[in-house]
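I opened my notebook to look up a few things in one model. Here is the structure I worked from.

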Amino acid sequence: MRKHYLTSPSTRREFVADSLRSAAALVALGNLPARRDDSAWHTRAYPFTLGVASGDPLPDGFVAWTRLAPDHLGGGGMPARPVPVRYEIASDDSFRQVVQRGEVLALPDLAHSVHVEVAGLAPAREYFYRFIAGADVSPVGRAVTAPVLGAAHSALRFAFASCQHYEHGYFTAYRHLVNDNVDLVVHLGDYIYEYGIATNNPNPIRRHDGEEIITLAQYRNRFALYKSDRDLQNAHASAPFIVTWDDHEVENNYANAISENNDPPEQFLKRRAAAYQAYYEHLPLRRTSMPSGREMRVYRRVHYGNLAEFNVLDSRQYRSDQPCADGRKPRCPEAFDPNRTLLGKEQEKWLLEGLGRSTARWNLLANQVVMGDNMIRRPNETADTYPLDTWNGYVAERQRILDFLATRKPSNPVVLTGDIHVNIAMDLRADWSRPTNPTVGVELVGTSISSGGDGQPMTDWGRWTLQYNPHMKYFDARRGYVLCNVTRDRLSADYRIVPLVTRPGGGVETAATFVVENGKPMLQKN
């Protein structure tokens, strides 16, 4: 069983006291330098209330993150000046073998968050990290560096997750994910929800911290509320995260500069810029993702030797507005317009060129919304309907990607998807009208961490989905995450399910396992 790297005292007072005692003991043992005269830094409250995190591993390092926030729901509670923060990297979790020390400044312009881009470490090995501010010591985090690019690494174990609505339930799935001993976690979006208290949910399990968020201060407090969850903190401390966003980090179903409520674009872009900045401030991203004006680049590649390559997509910032006035309905001619885009021309070119030159055994697409054809027809309906916020509303661009997979045949393409709060496993085809044609890849759709409440194994929607989409092999509407084991010969995906999120605690089960064999782009039930 994996060690939990965050303490769990019964009260906040004990948490602070334990941290202070730990710092004093470490100084006495010589594992930390004696405290300098940090006259610019003074607080009476523990500053590491949001835990620690790591992300985007490289062969020689990773991003190590924290944020100083003694009053995490009240704007942070920090002075309006830079504060020095020390960090340590060790090869053991007791920090007897410290391999790197340094100091950075936590800046007020970035909400006193720090993003240390650790470098100079050995590839494909486990490290531990922590931060020190004054006499306060953060929880300990664990990270794993990637293998050297081109190295024939034999195995990768990762999980992917999405959609964690605080008001809909507890983040119990993360408690079990911590014990699954993964090298990586891929988060596919909806890390927070922007709604006000009990919006569309009159009986929330937990409560948001106020009205719908619009300003930078509100987005910061909302992120802080979510990151105060102990199970989420433990998950971040247990392994590096590769993150991308979907819509709720800003606003439901937004498209580029177009808001759900058709706010004036100039007004909405100010809101989007505030949301993007808060996203960067609270997640372990590199400087290459730091917001620039109203834009922020999150699409990127993360390599894991020559075993796997993650193509991390952004399907919100550059997309055309949803066709046919959005929603679930028959596709109008606009949905087939070749000039309409989900990724934007530059990102589409980046994706296809990268897939074309990839030497990885497994090419993984960290993707927000469903790519496979997803036709739904209820019993009283006579027309085919599609959810148009997904790739189903951007048919021509999707076809270009599927045709590329069919003709260029990059090795083992697997699409990892979130967004829709259900588990689906499906084969991808270049021609959906010919179910006997060869498949060109597979898509693994993961359910939500908590969004939608407890859920159920099967719904009417699920029955209709499986009935009208023969390329789909599985449907389950409970909560959880997907655990993937990758070797050079196969990728297996365990659909991990928690029965309840409306009450804390509870177990976990593997509801289904699917396997993809090397060189055979199709799902097999294990």
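The entries below cover confidence, strands, aromatic rings and charges.

**Entry 1: ground rules**

I am reading a predicted model, where local features need pLDDT of at least 70, side-chain atom pairs count only at pLDDT 80 or more, and totals for chains, interfaces and linings use all residues. Residues are numbered from 1 along each chain as its sequence is written, and side-chain values use heavy atoms, with hydrogens and water left out.

**Entry 2: confidence**

I checked pLDDT, the predictor's confidence in each residue, from 0 to 100. The protein chain averages 92, and 92% of the residues score at least 70. Residues 1-37 have a pLDDT below 50. Beyond near neighbours in sequence, this stretch still has 69 contacts in the model (contact means heavy atoms within 4.5 Å). I note that where pLDDT is low, the predicted coordinates should not be read in detail.

**Entry 3: strand S21**

I looked up strand S21, residues 472-487. Strands (E, at least two residues) and helices (H or I, at least four) are DSSP runs, numbered from the N terminus. In S21, 13 of the 16 residues are buried. Buried means under 20% relative accessible area, exposed over 50%, and partly exposed in between, with a 1.4 Å probe and protein chains only.

Which strands pair with S21? Two strands pair if DSSP finds at least two bridges between them. I list the partners here.

- S9 (residues 155-161) pairs with S21 in the antiparallel sense over six bridges, and Phe158 stands opposite Cys484.
- S18 (residues 423-429) is antiparallel to S21 over four bridges, with Asp476 as the bridge partner of Asn423.
- S20 (residues 455-456) is antiparallel to S21 over two bridges, and Gly455 faces Arg478 as its opposite residue.
- S22 (residues 490-498) is antiparallel to S21 over eight bridges, with Val482 opposite Tyr495.

A hairpin joins S21 to S22 through two residues.

**Entry 4: aromatic rings**

I searched the whole structure and found 20 aromatic pairs. Rings of Phe, Tyr and Trp (its six-membered ring) pair if their centres lie within 6.5 Å; planes under 30 degrees apart are stacked, over 60 edge-to-face, and the rest tilted.

Phe158 and Phe310 have ring centres 5.3 Å apart and planes at 85°, so they are edge-to-face. This pair links distant parts of the chain: Phe158 is in S9, Phe310 in strand S13 (residues 308-312), 152 residues apart. Phe158 is buried at 0% relative accessibility, and Phe310 is buried at 1%.

Stacked or edge-to-face: what are Trp245 and Tyr276? Their centres are 4.1 Å apart and their planes at 20°, so the pair is stacked. Trp245 lies in the loop between strand S11 (241-243) and helix H5 (265-282), and Tyr276 lies in H5, so the pair ties together parts 31 residues apart in sequence. Trp245 is buried at 0%, and Tyr276 at 1%.

**Entry 5: charged residues**

A charge sits over a ring if NZ of Lys or CZ of Arg is within 6 Å of the ring centre and within 35 degrees of the ring normal. The charged end of Arg125 sits over the ring of Tyr127, 4.8 Å from its centre. Lys227 lies over the face of Trp65, at 4.5 Å from the ring centre.

Last, I looked up Arg86 in strand S3 (residues 83-90). Is Arg86 buried or exposed? Arg86 counts as buried, at 9% relative accessibility. A polar atom of its side chain lies 3.0 Å from the backbone oxygen of Gly134.

Methods:
Polar contact = N/O pair within 3.5 Å; in protein donor to acceptor, adjacent residues only side chain to side chain.
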